[in-house]
Structure formats: C-alpha cells, structure tokens
Amino acid sequence: FIMISVIVISHNYGSFLDKCLKSILKNDKKLIKEVIVLDDSSKDNTCDVVYKFKKKFKKIKYFKKNFKSLSKSINFSVKKATGSWITKVDADDYINQNFLKDFYNKIKLNKFNYIYGNIKIKNLNSKNNYILKQDHKLNSLLNYPLGSGCVYKKEIWLKVGGYNENIRYQDDYDFWLNLKKSKILKVGYVNKANYIYQKHSSNMSSSLIEKNLTKIYLLGKYFIA
C-alpha cells in the first residue's frame, strides 16, 4: 500500500502551524506515512504547537535545526522520510481534506513519478483570492510547478542529489530543471486546487531582482553551458 511522507518546514510560523497540521490530519490517515515537521531556527511557539499535535498523532516527527536554509531543511527532512512518496506543505499554508486522496488516485496508476495540481492563492491582506492553474506544457522551462503542493517519488530526489543547497533562491526551480535534464521525469497533473497558499506580511520576502537573476543563471547552467 502506497503511503506519503508529509514534510512541513517552519521558521517562526507557529501562528500558522496549528491550521496547517489540522488540515493535514483531516486527510485520510491511511495515506500518511508520517508528518515530518522541521523547525528551522524558530524563536516562537512552533515547538509547543507541534508537541500538542504529537500527543494525539504518533506519526508526527519533530526536528529542530539551525540551518537557516530552506533547501537544507527540505533535504534533511526527505532523508528522514520513510515513505516512497514525498509532499511538502509550508507551515503557513494548508491543504483540503482530499489533497492526499486525489494524488493517491494518480499515484496508483503507476505511470508517474512527479504529480502536481492547481494552487489556491489566498491573500490575507485583501480579498484578492484566485486559482493558479498549473497545467503548463511539459516542455516549458520557465513555467514550472510550485515546490509545495506536489508529490514526487523519493527515488527521483535521490537520483538528482536532492535540492541545491548552494543557492539562496529558486531551489524548487533548480530541482525541477535538474529533474527535466535527467530525463527521468514522468509528470502527472491533478486539475484541482487542494493546496492553499497564503499570502501575508510575514511571507519570506526576497529580492525580485535576485530571484530573476538566479533563474537566468540556472537556465544557463542546465541548458546553455
């Protein structure tokens, strides 16, 4: 029976984490191999929130590290994961109760090793909410699925050496390009928005210029050099 390891990365997102974990546990628990919560350098109540849930659901595993790096946090968590499939839910986001089930229905077809769906963008500072449809053409290099809200086989993470820990931005884009270049990618698509991405004032802000420069660098690294 296929089970999915759910990874939650938190950096001072204790105020969001309760809703995030509740949403995960509303999914079919038979599909959950474990919930790995990686607390990266938090100085808030993240630890307290996790232990409240850990008492009720023994499959929650908690790790506290001082990486100060999203890619290092993801790689560490995937290494700890015992499920054959991986998904990541950011601590300040949440999922619908059919999130895992809809992905499982694609997984059991045994045709794919990377599956993604649509994303609901929820703006907490306004009412500007919308659905981000991610049904991009698979040969597109600039349009790629968001790193959170998808599922992939752990074996493809292993084959490409995980996430690049040497870049500050666009680690999910680097991972996607690495998978595309490796020719091992078999992509499936779920035309539903079961992942809710919350925009708020505490989102990890970053330089748009530096993000775009990183994107250009990565394209050159994988497809020009």
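This is a predicted model: local features need pLDDT of at least 70, side-chain atom pairs count only at pLDDT 80 or more; totals for chains, interfaces and linings use all residues.

Entry 1: Most residues other than glycine have a negative phi, and I looked for exceptions. Asn110 is one of them, with a positive phi of about 60°. I found Asn110 in the loop between helix 4 (99-107) and strand 6 (114-123). Asn110 is exposed, at a relative accessible area of 63%.

Gln170 also turned up, again not a glycine and with a positive phi of about 60°. Gln170 sits in the loop between helix 5 (154-159) and helix 6 (171-182). Is Gln170 buried or exposed? Gln170 is buried, with a relative accessible area of 9%.

**Entry 2: strand 1.** I checked how enclosed strand 1 (residues 4-10) is: 7 of its 7 residues are buried, so the rest of the structure largely encloses it. In a regular strand the side chains alternate between the two faces of the sheet. I sorted the residues by direction: Ile4, Val6, Val8 and Ser10 point one way, Ser5, Ile7 and Ile9 the other, and all are buried.

Next, the neighbours. Strand 1 runs parallel to strand 2, with 7 bridges joining them. Val6 has Val35 as its bridge partner in strand 2. I followed the chain from strand 1 through helix 1 (residues 14-25) to strand 2, and this β-α-β crossover is right-handed. Strand 1 also pairs with strand 4 (residues 85-88), parallel again, over 4 bridges. There, Ser5 has Ile86 as its bridge partner.

**Entry 3: salt bridges.** Side chains of opposite charge can pair when their charged atoms come close. How many salt bridges did I get? The count comes to 7.

I looked at Lys64 and Asp39, which meet in a salt bridge at 3.4 Å, N to O. Lys64 lies in strand 3 (residues 60-65) and Asp39 in strand 2 (residues 32-40), so this pair ties together parts that are 25 residues apart in sequence.

Lys30 and Asp28 form another salt bridge, with their closest N and O atoms 3.4 Å apart. Lys30 is exposed at 56%, while Asp28 is partly exposed at 31%.

Asp90 and Lys88 meet at 2.9 Å, N to O, and both of these residues are buried. I also noted one network, in which salt bridges with shared partners join Asp18, Lys22 and Lys52.

**Entry 4: cysteines.** I counted 0 disulfides. Cys47 is partly exposed, at 28% relative accessibility.

Cys150 is buried, with 1% relative accessibility. For scale, the cut-off I use for a disulfide is sulfur atoms within 2.5 Å.

How values were computed:
Residues are numbered from 1 along each chain as its sequence is written. Side-chain values use heavy atoms; hydrogens and water are left out. Helices (H or I, at least four residues) and strands (E, at least two) are DSSP runs, numbered from the N terminus. Buried means under 20% relative accessible area, exposed over 50%, partly exposed in between (1.4 Å probe, protein chains only). A salt bridge is a side-chain nitrogen of Lys or Arg within 4 Å of a carboxyl oxygen of Asp or Glu. Two strands pair if DSSP finds at least two bridges between them. A crossover is right-handed if, with the strands pointing away from the viewer, the path from the first strand over the helix to the second runs clockwise.
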